[in-house]
Structures are given as structure tokens and as C-alpha cells.
Amino acid sequence: MFQHTFIGLDVHAASVVGCALVPDTGELVRMQMDSDPAVVLDWVRRFEPPVKAVYESGPTGYVLARFLREAGVDCVVAASSKLLRAPGDRIKTDKRDARLLAEMLALGQVTQVQVPTREQEDLRDLSRLRATAAKDLAHARQHVNAILLRHGIRYPEKTKWTKEHGAWLHRQHFDSPVLQFTYEADVEQAELLAAHLKRIDQRVAAVAKDCRYTPVIDALMCLRGIQVTTGFGLAVEIGDWTRFTGSSIGSYLGLVPSQQSSGQSRHQGPITKAGSKYARKLLIEAAWQHRRPYSRPGERLLRQLDLVAPATRIRALEGNHRLHHKWEVFEARKKRSVTANTAIARELAGWCWSLAAPLQQGEHGQGGRMNAA
């Protein structure tokens, strides 16, 4: 019936439920075991090769997939958002999930996600640490601003969170001892988080200069709005750029409009927001920088352009001009700025791909395409 034994694994922190579809008889063999890769491998090896296993992507990560692959077992990770489930199926158990995975794998209906290397996952954790620290700092500063606003205190200058603004914050005093303590604690928290983020940025900059993604990061930084933390984040979140094309990467990052069509009706809605939320956020923030008129590269951009090959330099300069021209077209058509910026971010993703993918062609051959979630 099948050439492989297909195994579905429902993986949890403390346990794993396996379901194997035996090719000769069509029999289903189930097993519940500890969440130990060695135990899972021992059970998988009870079946005659060739064997192919699958489990859903989730908080348990890719440790099991890498362990099984290193042991010679073909193991893939399925995109949980792309699994087919019947609308009327109201019963969800570990055994059912494992069986569903095995059946979908046998039918070739599993959308695989790329299993990152240990190095890529470590770099990705560093990038996401930076994103979390920046978010925490923004919230802490909002708390400080909210206290001052509620009590009618307004900073007279436009630019905040400078040295002058910090000195001004420390000069503010309230009559209530309780309020004064709360205010000082919020200011202290904001300052500690700012120092924490600065240390992370320094570490990111140091790692970005000497890692496997350094050429890609240098190329991405030739585009306006992309500095070292943004380039580092995009490089490690996407990893292998050769999986995509210039048009498909926007869909992978969830920057294309959703669509509902039936009969003669066709409706496009908000963007799908698929893929990496962090990578999408980085592109949307960078796209705003292309709204400003572009005459000649600034000093930082000129220094960055000197670090890359001539072909990359020419492509990056062309991308900067075209992205700004897109902004001019949207503004002439009186498009909402938020809508226009999302479209520019989708274009920017394509230009990032055009810079990064050629640098990885030698490493990944011709860059075979795969379904990515």
C-alpha cells in the first residue's frame, strides 16, 4: 500500500503519543511514552525502514526532530496552522492527533516548516530577546508618561528620553509620598530596561559581525530603514532565503491580503499575518523610512555600501529609489498611509530577498523551493 511506515507523534512536555501506520497491513500501532528523544527513537526503530515521522510545530521546539534526523530517521515538522481538520470534528485527543498526523503524512498533505540548526535557533533567541526587551522598555516609558499626564505635568521640549529629558524627570516631585515612590520606581524601571536593551544591542552588533549570516546582514543593511538589529532579525528569522521567490516571500511573512471568493463575489480583507510576526513587524517599521525623499545615500549607508559587492550595491540603490517611488505613487492616489506602508513592506520583503538569496545560492545549491509556514 505504502513504501514507508508513517508515524505521527503528538509531542508534549512530559509525554509523547505515537501512532504508526504499518504499510503492509494498514494496521495502526499506538504507543504512549516519556518525552525523551532516546525513548521515541527506540520505539521508532521497532518498525522496518523506511520510516517517516512527523509532529506539529509548537513550544517543544525542534530538539526531537534534530535528534531523529541525526539518528537517520526522516522526521519532519508540520505547520500546525495548516493541518486539515473537519469542521464538525469536536473531539480532540492525543491519540486522534497522532493518527491524523500519520494519515496526513501518508497522503502527502503535511505542510513542512524548516527545522533550524542549533546555531540559527540560538541566534533567533537572541533576536527575539532584543524584541522583548524593546517592548518592555516601551511599556515602562508609557507608565512614566501616563503618571505625568494624569497630574498635568508636560515636558516642554519635543524630543523625549534624552539626557536632558532624564534630568528633567528626576527633578519632578509630588506631594504624596506614595505617588512619589511609584513615580521613582517607574523611572528607575525605565532606566534599567534602557541599559538592558543597550547591552543587548551591543551583543547583537558583535554577533552580527561574525556569524554565518554576516554577508546577508551586510546586504540587507544597504536598504534604507534596515540597521544592524533589523538586518540581524530578518536574517535569522528567515534563515534560508533560497526557499522563496521575490513574490512568495511576502506571502510567507503574511503581508498579502486575505481573500474570500465564492461564485461571482470576491472580497479582499486585511493581510493574512502568517509566518513570523517579528519579521513582519521589522519590515513594516523599515518601510516607513522610504517615505522620505531619497536624493543621495547618507554617511551610514555609504559606509555600508562599501562593504558589499558591486552587484549588491547597484541592486540596493535601485531598491531604495523604487520603494520611495512606490510611496509617491500611493500618495498621489491618496491611499491611506497605513495601507500604503503595508504594501511597501511587501515590496521591501522582495528586495530583501533579491539581496540575500544570491548570497546563499552557493551554500544551498539552486535553492530548492519548499512549502514553508
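Tutor: Let's go from the whole chain down to single residues.

Tutor: First, some ground rules: this is a predicted model, where local features need pLDDT of at least 70, side-chain atom pairs count only at pLDDT 80 or more, and totals for chains, interfaces and linings use all residues. Residues are numbered from 1 along each chain as its sequence is written, and side-chain values use heavy atoms, with hydrogens and water left out.

Student: How many helices and strands are there in the chain?

Tutor: Helices (H or I, at least four residues) and strands (E, at least two) are DSSP runs, numbered from the N terminus. Here the chain has 13 helices and eight strands. Its C-alpha atoms fill a box of roughly 80 × 55 × 50 Å along the principal axes.

Student: What percentage of the residues in the chain is buried?

Tutor: Buried means under 20% relative accessible area, exposed over 50%, and partly exposed in between, using a 1.4 Å probe and protein chains only. Of the 373 residues in this chain, 43% are buried.

Student: Which residues have the most contacts inside the largest nonpolar core?

Tutor: In soluble globular proteins, nonpolar side chains tend to be buried together. A nonpolar core is a set of buried Ala, Val, Leu, Ile, Met, Phe, Trp, Tyr and Cys residues joined through side-chain atoms within 4.5 Å. The largest one here has 68 residues, and those with the most contacts inside it are Phe-232, Leu-234, Trp-241, Leu-253, Leu-283 and Cys-352. Helix α13 (residues 337–364) gives the most to this core, with 11 residues. There is also a second, separate core of 25 residues, which includes Ala-20, Met-33, Val-77 and Val-113.

Student: What does Trp-241 touch?

Tutor: Skip the residues up to four places away in sequence, and the partners of Trp-241 include Val-216, Leu-220, Ile-249, Trp-353 and Gln-360. Leu-234 and Cys-352 are on that list too.

Student: Is Asn-341 buried or exposed?

Tutor: Asn-341 sits in helix α13, and at 1% relative accessibility it counts as buried. Beyond its neighbours within four places in sequence, Asn-341 contacts Ile-284, Ala-287, Trp-288 and Trp-327.

Student: What about Leu-323, buried or exposed?

Tutor: Leu-323 belongs to helix α12 (residues 310–332) and is buried, because its relative accessibility is 1%. Leaving out neighbours within four places, Leu-323 touches His-290, Ile-344, Glu-347, Leu-348 and Trp-351.

Student: Is Arg-199 buried or exposed?

Tutor: Arg-199, in helix α6 (residues 177–208), is exposed, with a relative accessible area of 52%. Its C-alpha atom is separated by 20 Å from that of Ala-235, 36 residues apart along the chain.

Student: Now for helix pairs. At what angle do α1 and α2 pack?

Tutor: Axes are lines fitted to C-alpha atoms, for helices over the stretch in contact, and angles run from 0 to 180 degrees between N-to-C directions. Helix α1 (residues 37–44) and helix α2 (residues 63–70) pack at about 50°, with axes 10 Å apart. That makes α1 oblique to α2; angles under 35 degrees count as roughly parallel, over 145 as roughly antiparallel, 65 to 115 as roughly perpendicular and the rest as oblique.

Student: Which residues of α1 and α2 make the contact?

Tutor: Pro-37, Ala-38, Val-40 and Leu-41 of α1 meet Leu-64, Phe-67 and Leu-68 of α2. By class, that contact has seven nonpolar, no polar and no charged residues. For the classes, Ala, Val, Leu, Ile, Met, Phe, Trp, Tyr, Cys and Pro count as nonpolar, Asp, Glu, Lys and Arg as charged, and the others, Gly among them, as polar.

Student: And how do α4 and α8 pack?

Tutor: The axes of helix α4 (residues 118–150) and helix α8 (residues 228–238) come within 9 Å and cross at roughly 140°, so α4 is oblique to α8. Their contact has five nonpolar, four polar and four charged residues.

Conventions: Contact means heavy atoms within 4.5 Å.
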